[in-house]
Amino acid sequence: MLLLPILQVLLFAYYPMLGLQIAFKDFKVTQGVWGSPWVGLKHFQRLFQSSQFYSIFWNTLILSFYNLAISFPFAILLAISMNYLRSHKFKKVMQMVTYAPHFFSTAVMVGLLMQILSFRTGIVNNVLVGLGLERINFMGKASYFRSIFVWSGIWQNAGYSSIIYISALAGVDTQLHEAAMLDGASKWQIFWNVTLPQLKPTTFFVVIMLTIASFKVYDQMYMITQGGPGNATMTLVYYIYNVAFVNTPKYGYASAVAM
């Protein structure tokens, strides 16, 4: 019974890891992985001497922590807010409304953003002009893009995370809440000392998933800014794609960056 799953893991998880040797070779498609010449740490030396890599690495790190710092507290607050709703029907409607954007593809979400934040025809800029203010080029300034990326991600995915928290809240022992209320605890004290500790395993899971997703960001950058202006919105995954597949492919160096 164990033989099939063990073979599956060996074949699809461990065997492909042999491809990591590309990072130590001057990979040629015609010569293959095993036949390409060995260059040792050449690609890693180039990587650590590249000022561009460090700026892209910090871009990714800042974007990831910004996303993390906003996303999971927002999901917890949304879940607790919906959990306290008295109307069961209204609660179901709110869950549906907040969860629905999770099913939108990134292309649809980016298309909506481009329409709403367009410099010439966007709703936001039209409102600003109507108020007597100047138009803002949201997609042309890196300082705006991080916030656009994070908050659009929250709009798209907070509902999904909140569903996980709502499920976890259903498992919280109501006797603990009742005991805290009898002791005169306020709602904030009940949340901080009773509810939040019960959500630790769920929070750990959500934080790990959000962190992984943040470091894998690619599609939004490709469709909105393509790393610009001046690599200000370039992330590691998009950089790996550019190095490996755009202009002159450098598979060995791209593999070193990925590693």
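What is the accessible surface of the chain, and what percentage of this surface belongs to carbon and sulfur atoms? The accessible surface comes to about 16,200 Å², and 67% of this belongs to carbon and sulfur atoms; areas were computed by the Shrake-Rupley method with a 1.4 Å probe, and for residues only the protein chains shown count as cover.

The model is predicted: local features need pLDDT of at least 70, side-chain atom pairs count only at pLDDT 80 or more, and totals for chains, interfaces and linings use all residues. Residues are numbered from 1 along each chain as its sequence is written, and side-chain values use heavy atoms, with hydrogens and water left out. The mean pLDDT of the chain (the predictor's confidence in each residue, from 0 to 100) is 87, and 100% of the residues reach 70 or more.

The chain contains 14 helices and 0 strands, where helices (H or I, at least four residues) and strands (E, at least two) are DSSP runs numbered from the N terminus. Among these elements, mean pLDDT is highest in helix H1 (residues 3–14), at 96, and lowest in helix H12 (residues 219–224), at 83.

The radius of gyration of the chain is 24 Å, whereas a compact globule of 259 residues would have a value near 18 Å; the radius is taken over C-alpha atoms, and the globule rule is 2.2 Å times the number of residues to the power 0.38. The C-alpha atoms fill a box of roughly 75 × 65 × 30 Å along the principal axes. Of the 259 residues, 34% count as buried, that is, under 20% relative accessible area with a 1.4 Å probe, protein chains only.

Definitions and conventions. Buried < 20%, exposed > 50% of the residue type's maximum accessible area, 1.4 Å probe, protein only.
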